[in-house]
Amino acid sequence: MGKTLLKKQKQLSLVFFFFCLALPLQAYIGPGAGFAFLSSFLVLFLTFLLAIFSFLSWPFRFLFRLIRGQRAYQKSKINKLVIVGLDGLEPILVEKFMSAGKLPHFSELKKDGTYKHLQTTTPAISPVAWSSFMTGTHPSKHNIFDFLSRDPNNYLPDLSSARIGKPKRILSLGKYNIPLSKPEIRGLRKSLPFWKILGDKGIFSTILRVPITFPPEKFSGHLLSGMCAPDLKGSQGTFTFYTSDEENVKKREEGITIPVTIAENKIETYISGPENSLLKKEEELRLPLTITLDKEKEEVCLEVSNQNFSMKKNTFSDWIRLTFRPGLGMKIKAICKFYVSQISPHFEMYLSPLNIDPEKPALPISHPFIYSVYLGKLLGSFITLGEANDTWALNEEILSEKAFLEFTYANHQEWENMFFNALEKTKKGVVTCVFETTDSIQHMFWRYLDEKHPALKSPQASMSSKVIEELYQEMDELVGRILDKLDKKSVLVVMSDHGFKSFRRGINLNSWLYVNGYLSLKEGKTESDEWFKDVDWGKTKAYALGLGGIYINQAGREAQGIVQPGEETKSLKAELAAKLNGLKDDENGATAINHIFDREELPPGPYQENCPDFLVGYNDGYRVSWDSVTGKVNNIVFVDNPKAWSGDHCIDPRIVPGVFFCTQKIKTDKPSIMDIAPTALELFGIQVPKHMDGHPLIDVQNLFSDQKGKEK
Amino acid sequence: MWIFNSIFGKIFEIIFIPFRSLSPWVGMTLISLLTGLLMLLIFRYTSNQEGIRKVKNKIKAHLLELRLFKDSLALSLKAQGNIFRSNIKYIGYSGKPLLVMIVPLILILIQLNFWFAYQSLQPGEITILKVKVQEGQNILDLELKIEPPRSLAIETLPLRIEEQQEINWRLRAKEGGLHSLVFRINGQSFVKKVSVAQKPLSRISPLRVRRNFIDELFNPGEAPISKDIPVKSIEVKYPNKNMNLFGWHIHWIIVYFALSIIFGFALKGVLKVEI
């Protein structure tokens, strides 16, 4: 016993001895420890310097602000304005669930503050509505009328919100085109967002994932781009589907399908990346991907971009960082998630769109540029794609309903994390976040609320209306958590840009125009493939593109226009409006189109000429058909919508208002989405610019008067 | 211990063989690279890599916070506090690899000290030869004889310092080579190697010690003196050697420290080590 103790003591003294010796041994701390100590020392040194700089410069910055007359918050009536956008939250469902006592926090807001329907824009499409939200103007003043706009020179679609072009100056060297200037990234939304006006007066804002904020504009605050921010391929979200099942290798409307072959439980394939614009002859960048299957354990091991990781079947991977190398030592970073849905008898795997890595963004997705880096470092990788929730993967039955929900709620959690971080950091100013979770889930699961929906016949449809009910309850809990974080001098607005209705039947407007003699096909053709491939423009008077627009093929405007401006156009429009207003569905006699909105009747603005000549107001149950959106033409006007994408809002805006909740009472019974921007300005004591079409909603003189006695 | 020292010393000899005639910078660069690699591997397998990655990201995030919220004094202070907290956590994560690394590092440093800290005597150069005698021995009566080879000369009679139990001679180097000084005491003999005009990168052992774990650990250049002999150590005072960088003389350990860390940082990406 004594000997053992002595032995142990000796061992301990030996360890202690080595440890002590390391210190006097010429004070050397070795490379390993050196790494840590050196890094720590540098960080501490940098922090110390920054701290000193921060302390010393603060009085000067404070003085500078004073001298510039930006005593920002002096006229402000509130400390903080929090705007939570729940894209597509439908008032009828909100009211139903509130009545059933399932949304206690929304009910509390209604009782103590305000609940109203929120008038949306014409058309009732998210990019249009959110642009009106931020600018306080009608679409003719902000220039966004749809997701897509058309190029009158070639009748092809363009993204309406942003243009990404090649660099203007290029050095040609061998097989490379070396860019000497930045690529052109230009936002097409016009007018000023309210946070820019606030920022100019020194009011700080954090704007998270509001649609049509790509590319991010400079202002005094932080912004993370939302809807319309592209993926690494420059698209709005291109997933990849790997399958060893030859029967499942078919042409899909969206996404890329890569057939794979299994050899000795191994698959050698690739990840399809962006086009290599460094090369004169552009070609796709690819990353080798090796997949090893373990059929017994229902597990796969993936090897890509110098990483190895294992995944169980039916689970999503974490965000995986990929590095594409276009050449000349350049690197393009992306993040993505994998999901293996089947290992045997066939292998099937989903790869999410390649998101721009927030920590190393290939394109600017935030303002300032470092803001996305900061969020990535603080909270971990997050989805950066504008249309984040992969509705097309569910539409194409690549992801199951369960997997889609899992992915969507994981994205939502990331947004909540950044939202609450912003809320905590903003003591004074604006915090705005748009959650598209509500929009995506309702688009894909609305069929469960509509017993007559054709998509219910799909074998994939295995869930119930509970999905949407739970979604509303989740959002209610979110509102509850936000209310808990608010101080006495803060105002909360919870709103949606539009509501939702069933999308049972689709109308191919191009087919209707063809059948009725307004659109002609090339000789011998009875139908046209997408993007008007076989349309005879020399004989076509009108065509439809996008989610709700009809254009007159006008001479002098369209490349091959034949309808003269003035009387001829006017008379054609009157003829079309007469025929389309109240258009009935051949099959059931129901009214499919409530109203055709002539752009001349809509509120005017400097960009009115970019608006389609007509915006179509579909009735409940109808929407433009999938084929019509992409310029396909045939003889069939009305078709069933068998897709999981079964709810929509691109219809008559009068029947899809959004919701408006506020902790304060408001002055009107009919608030509009355009009223939010002027309301925000007035709450901070800033005069509303005359160009804004909306009006302040809150009576700032009686602010917080109703809250006495209700404080927690 | 001597067996271990011999093997470990041989490894270094083999590593340095091709570089012995070259500038010590070459050998130093190589050994720093190898050490950097070894330490990276130890770091990779003994540290919490995921934890380090996360805490480093947090530090970077809070540093960015200082820039993003520069107008808010409160947030800047909070960010600074968070940086300090995360830094402590980061240092904590380095504790385990540090403990694991410290043993091989000490052994490496001891070896390197004999290669880079001393330079051999030059022909004609005079130095001091010291023999420390065991406690309890009467140093004044002790019969200790030296038999120098022809290439070395003992120039003085022994100087006996009773208080320090030490006998000193003046030694002159005459010819180049690794020479053996033979000592005779009480009918027993032992040897001390003396380096004269050796190659630029040579292993030089200034001290031969009596058999004792700690003394042997720090003086592995020569076999220990037998316990039967009443001598504690024999020392040849060699001139110190420094690394010459454009006329600037730097202690070898500083060079080693800097290079091994530079190599470590340069290779961490290749070896996928989070440090």
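**Domains 2 and 4 of chain A, and what surrounds them**

Tutor: Let's start with the spacing: the centres of domain 2 of chain A and domain 4 of chain A, taken over C-alpha atoms, are 30 Å apart. On the domain 2 side 30 residues take part in the contact, and domain 4 of chain A supplies 25 residues. Keep in mind that this is a predicted model.

Which elements of domain 2 of chain A give two or more residues to the side that touches domain 4 of chain A? They are helix H6 (139-142), helix H9 (391-395) and helix H11 (437-445) of chain A. By class, this side of domain 2 of chain A has 10 nonpolar, 15 polar and five charged residues.

To place these pieces, here is how chain A is divided. Domain 1 covers 2-67, domain 2 is put together from 79-140 + 189-229 + 386-500 + 658-712, domain 3 runs over 237-360, and domain 4 takes 504-655. Counting secondary structure, chain A has 16 helices and 33 strands. Its C-alpha atoms fill a box of roughly 105 × 75 × 60 Å along the principal axes. A compact globule with 712 residues would have a radius of gyration near 27 Å, and the 29 Å of chain A agrees with that.

H11(A) packs with H12(A) at an angle of about 170 degrees, and their axes are 10 Å apart. That angle makes H11(A) roughly antiparallel to H12(A). From H11(A), the residues Thr438(A), Ile441(A), Gln442(A) and Phe445(A) meet Val467(A), Ile468(A), Leu471(A) and Met475(A) in H12(A). Sorted by class, the contact of H11(A) with H12(A) has six nonpolar, two polar and no charged residues.

H12(A), residues 466-485, also packs with helix H4 (residues 104-112) of chain A: the two axes come within 7 Å and cross at roughly 60 degrees. That makes H4(A) oblique to H12(A). On the H4(A) side you'll find Pro104(A), His105(A), Phe106(A) and Leu109(A), while H12(A) brings Asp476(A), Val479(A), Gly480(A) and Leu483(A). This contact of H4(A) with H12(A) counts five nonpolar, two polar and one charged residues.

Over to a sheet in chain A. Four strands form an open sheet in the order E26-E27-E29-E28 (chain A), and the pairing is antiparallel. Strand E26 (542-545) and strand E28 (593-598) of chain A stand at the edges with a single partner strand each, so one side of each has no neighbour in the sheet. From one strand to the next, the twist averages 25 degrees.

Chain B is divided into domain 1 (2-117 + 247-267) and domain 2 (126-236). Between the centres of these two domains of chain B, taken over C-alpha atoms, there are 37 Å. Their contact takes 16 residues from domain 1 of chain B and 14 residues from domain 2 of chain B. On the domain 1 side, helix H1 (2-16), helix H2 (24-46) and helix H4 (73-116) of chain B each give two or more residues. H1(B) gives the most to that side, with six residues. The residues of this side of domain 1 of chain B divide into nine nonpolar, five polar and two charged.

One last stop in chain B: an open sheet of three strands, in the order E2-E6-E7 (chain B), with antiparallel pairing. Its edges are strand E2 (144-147) and strand E7 (188-196) of chain B; each has a single partner strand, so one side of each is left without a neighbour in the sheet. E2(B) pairs with strand E6 (residues 177-185) of chain B in the antiparallel sense over four bridges, and Leu144(B) stands opposite Ile185(B) in E6(B).

Note on methods:
Residues numbered from 1 in each chain as written. Chains lettered and ligands numbered in written order. Predicted model: local features only at pLDDT ≥ 70, side-chain atom pairs only at ≥ 80, totals over all residues. Axes fitted to C-alpha atoms, helices over the stretch in contact; angles between N-to-C directions. Parallel < 35°, antiparallel > 145°, perpendicular 65-115°, else oblique. Contact = placed C-beta atoms within 7 Å. Nonpolar A, V, L, I, M, F, W, Y, C, P; charged D, E, K, R; others polar. Domains from an automatic or database assignment. Pairing = 2+ DSSP bridges. Rg over C-alpha atoms; globule rule 2.2 N^0.38 Å.
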